[in-house]
Amino acid sequence: MRKPTRTPPRSSGKPPARGRRPAAPRGREEGLYGIQPITEALRHRRRPLEALLLKDGSGNPRLEELRALAEELKLPVKRVEGRELDQRCPGAVHQGAVLLCGELDTQEALDLPDPRQQPYPVLMALDQVEDPHNLGAILRTCGFFGVEALVMPRDHAPPLGGVVAKSSTGVSEWLPILKVPNLHRFLKQQQQAGYWVVGLDMEGAEPLTGLKRDRALILVLGNEGQGLRPLTRQTCDWAVQISGSGAVESLNVSNAAAITLHQVFREG
């Protein structure tokens, strides 16, 4: 891949530490649904927990495992009729379990990995991806490949609720998620720390096949309809594109994330 014009930082010091912010204040009551998302929420406890609702008379051993885990945490467990669960999450596959809980404790500051460490760390950044199903699918892929953290703007992003938790199979409950007030500023700061920023863009000058994990990377994907914003695109050290040979011109952003991470970690 052609070398960009940006000069690497000369400092060999570690990036400045960023402390974890205090736990988020108790938010509105919110339901997670599905066995795996609830299991991860109970294991990692990044949300204020209210109560676990289980379908009465189910006999599902996995629900009993959830009950035992909740009781270890001294969390109230309530047996309810299936229709109550249906009403709490209409149209969703709840598998007989709903967790009443508050908002996910995301972070506005995070100790990111040292960009000099081996193997080189990989981060994923989303530039105003707004669909919760896409966000959940991207989180699941990040968890599969071992991405260190996902970065997203504080605004123009979906809530990290039941849809994201279910779509990510619970990865949202444990993968570090960093919310930043200004994505452009964040990317510039990390470039100074030693990361290289790669934007996925249909007009990218470089092919994705040339991308290797030979340095610390931040992979940036854009909005479902508009792609990368101009300022974000200008910040990138590279703009790469996924080339296809079929009649479809573009990919869903979550599919693009999966293909990109496969390329990066295959070449790692």
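Helices (H or I, at least four residues) and strands (E, at least two) are taken here as DSSP runs, numbered from the N terminus. The model is a predicted one, in which local features need pLDDT of at least 70 and side-chain atom pairs count only at pLDDT 80 or more, whereas totals for chains, interfaces and linings use all residues. Residues are numbered from 1 along each chain as its sequence is written, and side-chain values use heavy atoms, with hydrogens and water left out.

Seven strands form an open sheet in the order β7-β6-β5-β10-β8-β11-β9, with parallel pairing, where two strands pair if DSSP finds at least two bridges between them. Its edge strands, each pairing on one side only, are β7 (177–180) and β9 (206–207). Within the sheet, β5 (residues 122–127) runs parallel to β10 (residues 217–222) and is joined to β10 by six bridges; Asp127 has Gly222 of β10 as its bridge partner.

Helix α4 (residues 132–145) packs on this sheet and touches β5, β6 (149–153) and β7, contact meaning heavy atoms within 4.5 Å. The direction of α4 makes about 155 degrees with that of β6; axes are lines fitted to C-alpha atoms, for helices over the stretch in contact, and angles run from 0 to 180 degrees between N-to-C directions. Helix α6 (residues 183–193) lies across β5, β6, β7, β8 (196–200) and β10, running at about 160 degrees to β10.

The loop between β9 and β10 contains Lys212, which touches Leu217 and Glu267 when residues up to four places away in sequence are not counted. The C-alpha atoms of Lys212 and Gln263 are separated by 7.5 Å, although these residues are 51 residues apart along the chain.
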